[in-house]
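Me: I am new to this protein chain and would like to learn how to read it. Could you show me the structure and take me through its features step by step?

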Amino acid sequence: MPMMTVEPDGEKVPVKAGETILDAMYNSGYAYRIGCRRGGCAICKVDLLTGEVDYAKPVCDTVLTDQERAEGTCLSCRAVPRGDVTIRLRDERIRLTNAMLRQYRLAQYEKESS
């Protein structure tokens with residue numbers, strides 16, 4: 001299971017196969033701003049600092065330009081990490097909304113990693 005580091009707080013969020021960045025945060029008890037969740041509004045953009053992502057579904061060029069992709073911008077609602085990644089939230093810090101989900105997901109990660 002890949003691990004996602006979320007800056008500026010350095011929080012560790014496990015990512016299950018096929019999960020988007022946004023789904024991994026929500027399924028681990030965190031919240032981040034969302035809009036349409038379909039890759040159309042661009043509210044959930046984050047900066048990809050390390051690692052690579054795939055887009056299982058197409059993203060419109062007007063929402064995420066080639067230049068933004070080249071600079072490391074990605075849509076958290078559509079981007080699926082290929083492995084370990086580090087992202088930076090824009091003008092926001094990660095918010096833990098359910099500590100039990102976080103603890104459960106981290107325990108799953110440790111179990112799979114051992």
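**Reading the chain step by step**

Reply: Gladly! Let us start with burial: of the 114 residues of the chain, 43% count as buried. Buried means under 20% relative accessible area, exposed means over 50%, and partly exposed is in between, with a 1.4 Å probe and protein chains only. Please keep in mind that this is a predicted model, where local features need pLDDT of at least 70, side-chain atom pairs count only at pLDDT 80 or more, and totals for chains, interfaces and linings use all residues. Residues are numbered from 1 along each chain as its sequence is written, and side-chain values use heavy atoms, with hydrogens and water left out.

Me: How many helices and strands are in the chain?

Reply: Helices (H or I, at least four residues) and strands (E, at least two) are DSSP runs, numbered from the N terminus. Here the chain has three helices and nine strands. Read from the N terminus on, the order is β-β-α-β-β-β-α-β-β-β-β-α.

Me: What radius of gyration would a compact globule with 114 residues have?

Reply: The radius of gyration is taken over C-alpha atoms, and the globule rule is 2.2 Å times the number of residues to the power 0.38. For 114 residues a compact globule would come near 13 Å, and the chain agrees because its own value is 13 Å. Its C-alpha atoms fill a box of roughly 40 × 25 × 25 Å along the principal axes.

Me: How do I read contacts along the sequence?

Reply: Contact means heavy atoms within 4.5 Å. Among contacts in this chain between residues at least 6 apart in sequence, 67% join residues at least 24 apart.

Me: Where does T5 lie, and which residues does T5 touch?

Reply: T5 lies in strand β1, residues 3-7. Its relative accessible area is 10%, so T5 is buried. Not counting residues up to four places away in sequence, T5 touches G10, E11, K12, V85, T86 and I87. A polar contact is a pair of N or O atoms within 3.5 Å; within protein, one must be able to donate a hydrogen and the other to accept it, and residues adjacent in sequence count only if both atoms are side-chain atoms. The side chains of T5 and K12 form one of 2.9 Å.

Me: Is E11 buried or exposed?

Reply: E11, in strand β2 (residues 11-14), counts as buried because its relative accessibility is 19%. A polar contact of 2.6 Å joins its side chain to that of Y30. The residues that E11 touches, leaving out those up to four places away in sequence, include M4, I94 and R102. E11 and T86 are 75 residues apart in sequence, and their C-alpha atoms are 9.8 Å apart in space.

Me: What about D47: buried or exposed?

Reply: D47 is found in strand β4, residues 45-50. With a relative accessible area of 15%, D47 is buried.
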